[in-house]
Amino acid sequence: MNAEDNRASQPSAADSASVAGSADAEPELDPAEKKRRDARAARDARDRRLVRRLKQGDERAFQELVHTYQDRIFGLVYRMIGNRQEAEDIAQEVFISVYRGIANYRGEGRFYTWLYRIASNTTKNRLKYLKGRNFHRADDIDESPAAHTKGKDGGPVVALQSVVHGPEATVQGNRLEQAIQREIANLEPEHRLLIVLRDIQGHTYAEILAITGLQQGTLKSRLHRARLALKVRLEPYLE
Amino acid sequence: MAADSNAERMTAYLDDALEGDDASSFEAWLEDSPDAKKEVEDLQRLLSVVRELPDVEAPPDFYDKVAKKIRRSRGPDPNGMNWSLVSMPFQVLSVIIIMVIAATYLMLELDRDQARIEKDPSAAKAQEKAERARDAAQRKGLE
């Protein structure tokens, strides 16, 4: 585990703030928001149990943690890097870092954000390494992405058909998805991370602040710049 | 929500994170700023497409590969799990099989060498010659 990952093991102020924020609930919550908070509390409780078992040397707890988070971590890395094989390798490295560093995790912040911090740091480090080796992630983007994706119900999905209409919807939808994937992977690493966390995986600002350690103003202005950069790159496809 | 720049306000607006008065005042500002309004519309279009990207699934054997890498890695296990014990029976079994094969091969080779010596014609001739010499010596001794 590198120094950056070690820092990731300490809960950030933003993480603590978000946790504290959730404890000081507003007097009135709409049912959807209440449901989300309940789900998050249940997830955190489950994670705490798994982490405790893992620290005691329970191999099954580690297996459960990997199965719980493998798709989200793999998705984050894949969307950032654009190469399936490389993404798999990095995602594996993330879970190995978790396994080896779990003793350093004091459980003060949420496990979920700790895991994401390790994933984002590992991916950014690999991107630096690959940049030095003149790595081109485009090799992998031509493969059919629909073959590796799933719908919200877990079933297969044909990507972006709802956005592209007409008889060639499938072909155009896949082409658009490939273009988006390619252009995201051409952004600066920090911009990729924010686009993937916020716009693809739908994390809240509080979660992104906890993962990245940014200030709220910085997050918003940086996210704005990331979106503008992606918009410029994707303009030919969106006209 | 306090927003101290147009970029931050625009981001918050696009994410439905501007509350009450902030949202309406931002919309009013957009009406007076055609460029900003166009930018918001473009970004809304971009986000509608990006947010449609499907979830990505990890390979089905993902955990097996992670576990395999952990087993292969060297160094003490900080969690007290002895991964090496899991693979030990296979290692021991492999060594035993290799030793059995090697011993069998050596034994077969030795048998083959002995057979070759026995079937050597020059050896047979030499043996016959020696027997004749011995018989002759015995006869001479009797006479």
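The accessible surface of chain A comes to about 11,400 Å², and 48% of this area belongs to carbon and sulfur atoms; accessible areas here come from the Shrake-Rupley method with a 1.4 Å probe, and for residues only the protein chains shown count as cover. For chain B, the accessible surface is about 10,400 Å², with 57% belonging to carbon and sulfur atoms. The model is a predicted one, in which local features need pLDDT of at least 70 and side-chain atom pairs count only at pLDDT 80 or more, while totals for chains, interfaces and linings use all residues. Residues are numbered from 1 along each chain as its sequence is written, chains are lettered from A and ligands numbered from 1 in the order in which they are written, and side-chain values use heavy atoms, with hydrogens and water left out.

Chain A holds 10 helices and 1 strand, where helices (H or I, at least four residues) and strands (E, at least two) are DSSP runs numbered from the N terminus. Along the sequence these elements follow the pattern α-α-α-α-α-α-β-α-α-α-α. Of the 239 residues in chain A, 50% are buried; buried means under 20% relative accessible area, exposed means over 50%, and partly exposed lies in between (1.4 Å probe, protein chains only). Among contacts (heavy atoms within 4.5 Å) in chain A between residues at least 6 apart in sequence, 68% join residues at least 24 apart.

The interior comes next. In soluble globular proteins, nonpolar side chains tend to be buried together. A nonpolar core is taken as a set of buried Ala, Val, Leu, Ile, Met, Phe, Trp, Tyr and Cys residues joined through side-chain atoms within 4.5 Å. The largest such core has 80 residues, and A:Phe62, A:Ile73, A:Phe95 and A:Phe111 touch the most other members. Helix α4 of chain A (residues 59-81) gives the most to this core, with 12 residues. Leaving aside neighbours within four places in sequence, A:Phe95 is in contact with residues of chain A including A:Phe62, A:Leu65, A:Val66 and A:Ile73, and also with B:Phe62 and B:Val66.

Another helix of chain A, α9 (residues 205-212), has 6 of its 8 residues buried, so it is largely enclosed by the rest of the structure. The buried residues are A:Tyr205, A:Glu207, A:Ile208, A:Leu209, A:Ala210 and A:Ile211. After α9(A) comes A:Gly213, whose phi is positive, near 75°.

How many residues does each chain bring to the contact between them? Chain A supplies 55 residues and chain B supplies 39. The area buried between the two chains is about 4,500 Å², of which carbon and sulfur atoms give 64%; buried area is the accessible area (1.4 Å probe) that two parts lose on being put together, summed over both. In chain B, the residues that lose the most area to chain A are B:Leu53, B:Val56 and B:Tyr63, together 16% of what that side buries.

Chain B has 6 helices and 1 strand, arranged along the sequence as α-α-α-β-α-α-α. Buried residues make up 24% of its 143 residues. Among contacts in chain B between residues at least 6 apart in sequence, 28% join residues at least 24 apart.

Helix α1 of chain B includes B:Met10, which counts as buried at 4% relative accessibility. Not counting residues up to four places away in sequence, B:Met10 touches A:His224, B:Phe26, B:Ala36, B:Glu39, B:Val40 and B:Leu43. The C-alpha atoms of B:Met10 and B:Val40, 30 residues apart along the chain, are separated by 7.2 Å. B:Arg9 is also found in helix α1 of chain B and is buried, with a relative accessible area of 18%. In the loop between α1 and α2 of chain B lies B:Asp16, which is exposed at a relative accessible area of 72%. Although B:Asp16 is not a glycine, its phi is positive, about 55°.

In helix α2 of chain B, B:Ala23, B:Phe26 and B:Leu30 are buried. Seen down the axis of α2(B), the buried residues fall within an arc of 65°, so they line one face of the helix; the arc is that of the directions from the helix axis to the C-beta atoms. On the other side of α2(B), B:Gly20, B:Asp21, B:Glu31 and B:Asp32 are exposed. What covers the buried residues of α2(B) includes α1 (6-14) and α3 (34-50) of chain B.
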